[in-house]
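Welcome! Open your viewer, get your selection tool ready, and let us walk through this model together, one stop at a time.

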Amino acid sequence: MNRLVIEGLEAGYGAVSVLRGISIEVRQGELVALLGTNGNGKSTLLNAILGFVRPTAGRVVLEWDGQTIDLTGAPPHRIVDAGIALVPEGRRLAPNLTVEENLLLAGSGRRARRDARRNLGFCFETFPILKERRAQRAATMSGGQQQMLAIARALMTSPRIVLIDEPSLGLAPIAVTQVIATIRSLQATQNLTIVIAEQSVVQAIDISARAYVLAHGSILRTFARGDSAADLDDIRRAMLGVGESRRPTEAAQ
Ligand SMILES: Nc1ncnc2c1ncn2[C@@H]1O[C@H](COP(=O)(O)OP(=O)(O)O)[C@@H](O)[C@H]1O
Ligand SMILES: [Mg+2]
């Protein structure tokens, strides 16, 4: 089975530890959500998977096509070459480059450069607005369009797994709906494997097979699609770190 496995991952910044033994699994074709309010470690986890933040314990392992690739502590370019792409929080586009230049730059790495033309075609097909505005500077696009560009940029690396950090951040509600629908459609039509980190519960839970609630750098709860309707409230309570003790049936488990 093709999957990304994170086991007992710990990471932080200097003396400050943030992630405290995170274990999650993402299987090929799944869309998984990481939920948590601000400052609970979502970005740190995604950045630790990409190698931007160095793990101090635990493992990041990609099992794919019969290979087991230990990515723990590897440099980011090797992790991208293994097929993991990050759409960072705040998009981080090259503001003065055009849409097309942003995409071609992302597609110039070892893994995907031979497929750059094909990937560019796929991005333009998936996001017609980017094709229309291919010669426009990234900075002059709307927030929603920039988010689409940031996702397309990740697709230029021929990823197996795409990690998307707070795609809805700072967007108008209509743009949030479009971006979330696009993510869902990429997963459904391309069988793409996606992890999204979100604070916005409803959007994320609606499209994901499984949601992990991250609090203070630990996975507090896991929810699966198909859990009962009361779960949305449960998720919110878990995210706010309250309500656990009010559920005796669970406490007894
Ligand atoms: N570059 C950094 N240096 C030091 N501390 C950081 C840095 N980035 C994040 N943190 C701290 O790590 C914790 C988790 O932050 P973060 O991973 O950004 O959470 P989230 O993405 O869930 O909002 C917070 O306490 C934050 O202040
Ligand atoms: Mg964050």
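Which residues does the domain assignment of the chain give to domain 1, and which to domain 2? Remember as you look that this is a predicted model. Select 3-83 together with 161-251 and you have domain 1; select 91-159 and you have domain 2. Give each a colour of its own. The C-alpha centres of domain 1 and domain 2 are 24 Å apart.

**Stop 1: where the domains touch**

Now turn to the contact between the two. Domain 1 brings 13 residues to this contact, and domain 2 brings 11 residues. To see the domain 1 side, select α2 (76-81), β7 (161-165) and α7 (173-190), each of which supplies at least two residues there. Which element gives the most to this side? It is α7, with 4 residues.

**Stop 2: around ligand 1**

Next, show ligand 1. Select the residues around ligand 1: Tyr13, Val16, Val18, Gly36, Asn38, Gly39, Asn40, Gly41, Lys42, Ser43 and Thr44. Two or more residues of this shell come from β2 (16-27), and likewise from α1 (42-50). The biggest contribution is that of α1, with 3 residues. By class, the shell splits into 7 polar, 3 nonpolar and 1 charged.

**Stop 3: the nonpolar core**

In soluble globular proteins, nonpolar side chains tend to be buried together. Here, the largest nonpolar core has 69 residues. Select Leu35, Ile49, Ile84, Ala152, Val162, Leu163 and Val213, the residues with the most contacts inside this core. Helix α6 (residues 143-155) provides the largest share, 7 residues. Keep your domain colours on, as at least three residues of the core come from each of domain 1 and domain 2. Then zoom in on Ile49: what does Ile49 touch, not counting residues up to four places away in sequence? Look for Ile6, Val60, Ile84 and Leu163.

**Stop 4: a loop residue**

Finally, pick Arg113, in the loop between α3 (99-106) and α4 (116-126).

Terms used
Residues are numbered from 1 along each chain as its sequence is written. Chains are lettered from A and ligands numbered from 1 in the order in which they are written. This is a predicted model: local features need pLDDT of at least 70, side-chain atom pairs count only at pLDDT 80 or more; totals for chains, interfaces and linings use all residues. Domain bounds come from an automatic or database domain assignment. Two residues are in contact if their C-beta atoms, placed from the backbone, lie within 7 Å. A residue is near a molecule or strand if its C-beta atom, placed from the backbone, lies within 6 Å of it. Ala, Val, Leu, Ile, Met, Phe, Trp, Tyr, Cys and Pro count as nonpolar, Asp, Glu, Lys and Arg as charged, and the others, Gly among them, as polar. A nonpolar core is a set of buried Ala, Val, Leu, Ile, Met, Phe, Trp, Tyr and Cys residues joined through C-beta atoms within 7 Å. A residue is buried if 20 or more other C-beta atoms lie within 10 Å of its own, exposed if 12 or fewer, and partly exposed in between; C-beta atoms are placed from the backbone.
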